[in-house]
Amino acid sequence: MILITGASGNLGSAVVAQLLKTLSPEDFVTTSSNAAGVEKLKAKGLQSRLANFSDPITLNEAFKGIDKLLLISTMDQNRYEQHKNVVDAAKKQGVKQIIYTGLAIKDIHTSAVQDLMISHFQTEDYIKESGLTYTILRNTMYADALTQILGSNALHQDINLPGGTGKVPYALRREIGEATANLLLQDGHENNTYNITGSNSLGYTELAAALSHLTRDTIKYNDISEDDLKAFLKQIGFADFAIYLHSGTIHDIKMAQYEIESHTMETLLGRPTASIEDIIKELFKN
């Protein structure tokens, strides 16, 4: 029996959609952190249980009879403590394997957002120390995040960011969900750590060219300073934390933190990931 945490979220929904191509709803369990989410999942014909990561009692109930557990990482500020609760409950309930979605980055200790993201690697260590059989999926940056990074007006303006020549092997969230579901249905991934990345690494110059091709207009990439970006974000009303996260992520891109090459995702999908042209069309051509 497979269990998917966060099944009503974007990645969880993509995993569930792929599982339903092979399994019936009776063959796996979904969870949500609140009762309303559980009811929404049940309304779709899915098995669903309450699993609040901050409430170990709900986790112990939710994980009964589960063999494989997909722990989709949370965005909570207490992420590591929440994940520890999940791992502890999984071990207590005899879960045979835990699959964790982490972060594909070269060196978390030199990341500009280390304090936010190091919890992914603390979780990895805790899972390994627990003695549970594990599979770690270090996910690349979602291509879907480009709608936020480039802005809602990306089809009509230049890209003004301090990203230098850094590149990212972006992958669409739905394809990462598909690859994850395929892995859940396979054996042979026990106690492995994989980088889950797109087939092509893209910089802002390549993205500007793709946007130009789509719009048949000229969209340029201007490598501005980090101070200019922060000033612009403050001007348009970003909170301090959002400025820190946004500018820090762009800094990591500039420093080549995301430039990781792996073919694991291609293998799991049985094909290359979406091309830059297809990504741009899907995200920006509504």
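Trainee: Which strand is Ser32 found in?

Mentor: Quick heads-up: this is a predicted model, where local features need pLDDT of at least 70, side-chain atom pairs count only at pLDDT 80 or more, and totals for chains, interfaces and linings use all residues. Residues are numbered from 1 along each chain as its sequence is written, and side-chain values use heavy atoms, with hydrogens and water left out. Strands here are DSSP runs (E, at least two residues) and helices are too (H or I, at least four), numbered from the N terminus. Ser32 sits in the run of residues 28-32, strand 2.

Trainee: Is Ser32 buried or exposed?

Mentor: Buried means under 20% relative accessible area, exposed over 50%, and partly exposed in between (1.4 Å probe, protein chains only). Ser32 has 5% relative accessibility, so Ser32 counts as buried.

Trainee: And which residues does Asn85 touch, beyond four places away in sequence?

Mentor: Asn85 is in helix 4, residues 79-92, and is partly exposed at 22% relative accessible area. Contact means heavy atoms within 4.5 Å. On that basis, Asn85 touches Phe53, Ser54, Pro56 and Leu59.

Trainee: How are helix 5 and helix 10 oriented to each other?

Mentor: Axes are lines fitted to C-alpha atoms, for helices over the stretch in contact, and angles run from 0 to 180 degrees between N-to-C directions. Helix 5 (residues 114-130) and helix 10 (residues 240-254) pack at about 65°, with axes 11 Å apart. Angles under 35 degrees count as roughly parallel, over 145 as roughly antiparallel, 65 to 115 as roughly perpendicular and the rest as oblique. So helix 5 and helix 10 are roughly perpendicular.
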